[in-house]
2 protein chains.
Amino acid sequence: MNHDAPTLAVSTVIFALRANEAQTKDSGETSAATLWLPLVRRIREPFEGRWALPGGPIGASESLGDAAARNLLETTSLTSRYLEQLYAFGTVDRSPSQRVVSIVYWALVRPDEAERATEGENVRWFAADDLPELAFDHNTIVEYALWRLRNKMEYSRIAHAFLGERFTLTQLREVYEAVLRKPLDPANFRRQIESTNSVVATDERLAGGRHRPPRLYRYNESFGLADNGPLPVT
Amino acid sequence: MNHDAPTLAVSTVIFALRANEAQTKDSGETSAATLWLPLVRRIREPFEGRWALPGGPIGASESLGDAAARNLLETTSLTSRYLEQLYAFGTVDRSPSQRVVSIVYWALVRPDEAERATEGENVRWFAADDLPELAFDHNTIVEYALWRLRNKMEYSRIAHAFLGERFTLTQLREVYEAVLRKPLDPANFRRQIESTNSVVATDERLAGGRHRPPRLYRYNESFGLADNGPLPVT
DNA sequence: GCAAAAGTGTTCTATGTACACCCATGA
DNA sequence: TCATGGGTGTACATAGAACACTTTTGC
């Protein structure tokens, strides 16, 4: 046990939205989708057998963000549309054996990608608001990541990171509703989104639905998803 | 040079407000105070002789925030009224010799405290918007800290961390004006602050001024300075 | 034609902003 | 009494919330 140099690690909270099962009219479902995240099972002490956030050491020639992205790729074979540093956790007692400082990132992936995601004996997806007791302080970390996600959803355009190239405004609204856990007025939501100019209407419509086919939109690439200020790019 | 384990360090951006010199009516001054921060001179390579943010290694039995507070105390003999983690900087090339990951905090101290602050050959205060070329990526870090401070000033109550126990609403407004670098309407500012209930009027007034003595207020302790979500306390 | 989602219009309220105006004190 | 910052009143602009209403499709 080395008391002088804390071990440094990177972990990542990876969020995806998964559509809920078909809802009957009298079901208790409040939104069309739920937040999910992948966890890995620890295969050694401490906390052997418990579920934990994917993570690991930082390579000699990769930046912190690179390490998080590699992390994401290795555990889920996914790349993310949004990756941001969350926080550095470094209380003395967060790991029972050795002193560990974890720099945690959070990422958003698209559901169609998440479908292809690896799942196996030691990687499993969980509903974000119904997690088991995790290793280390990882329950706290996920809670904080959820808080950041919900906050940022209200003043940024990160919702788009959950969607594909083309989407309807109802789909976009359902992303907001699922993350914020409250219904939004479709009429007002439409106007608010349109007034930001963050989406561009296409000529296409989404056919195959039961009713009037909604117009498809695409993201206005001249907007960044979020304004993180004068941070260096990586 | 060890390629496998990056060195871990904590640095702190310490902000204080210093009142500007008496302003003549036709002076170009736009606000009554300016942001200052203390820097330390590097006494060895790399960047020997350059100014840098105070910082150092993390003790075995202190959390990251503790390390930042100790840091602050050692370089300025001050304790801060507000201390928050800023960001972890970890690009590969930010230090020429060895790989260093810096977890940076930012702090606010009161001007009356800052008066007592240590200053010497190797510690000096600089105006935040007029810094020399600093060691490492510290110019970038200060810019980001300024961006965070200005952002947070708009939706939090951190301005109070710059003031003493009792203050007038004009003093509070001058804090906002100095940080945000724009004049605010005194009438509207007063109403906005009062509507948040973050301040409580006292019976006292500030005598000795040239004109009508303004009422003194104190901070409403039932409000936190900022809502940083479900983060662990230290 | 009917049900239901897509999409538009209208009203009400809260909040921010500009600025006129009165008040109280020191010199 | 006058200059000046302290403090109040008021009117206008803008943004958001609530909700009635029209449109367009599948069945």
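## Terms and model

A polar contact is a pair of N or O atoms within 3.5 Å; within protein, one must be able to donate a hydrogen and the other to accept it, and residues adjacent in sequence count only if both atoms are side-chain atoms. This is a predicted model, where local features need pLDDT of at least 70, side-chain atom pairs count only at pLDDT 80 or more, and totals for chains, interfaces and linings use all residues. Residues are numbered from 1 along each chain, chains are lettered from A in the order in which they are written, and side-chain values use heavy atoms, without hydrogens and water.

## Where the protein meets DNA strand C

R215(A) uses a backbone N or O atom instead, 3.1 Å from a phosphate oxygen. R191(B) points a polar side-chain atom at a base nitrogen, 3.5 Å away.

The surface near DNA strand C (a heavy atom within 4 Å) has ten charged, six polar and four nonpolar residues.

## Where chain B meets chain A

Each chain gives 33 residues to the contact (heavy atoms within 4.5 Å). Together the chains bury about 2,700 Å², 69% of it on carbon and sulfur atoms. Buried area is the accessible area (1.4 Å probe) lost on being put together, summed over both parts. Six residue pairs are in polar contact across this interface, both residues at pLDDT 80 or more.

How values were computed:
Buried area = accessible area lost by both parts, 1.4 Å probe. Nonpolar A, V, L, I, M, F, W, Y, C, P; charged D, E, K, R; others polar.
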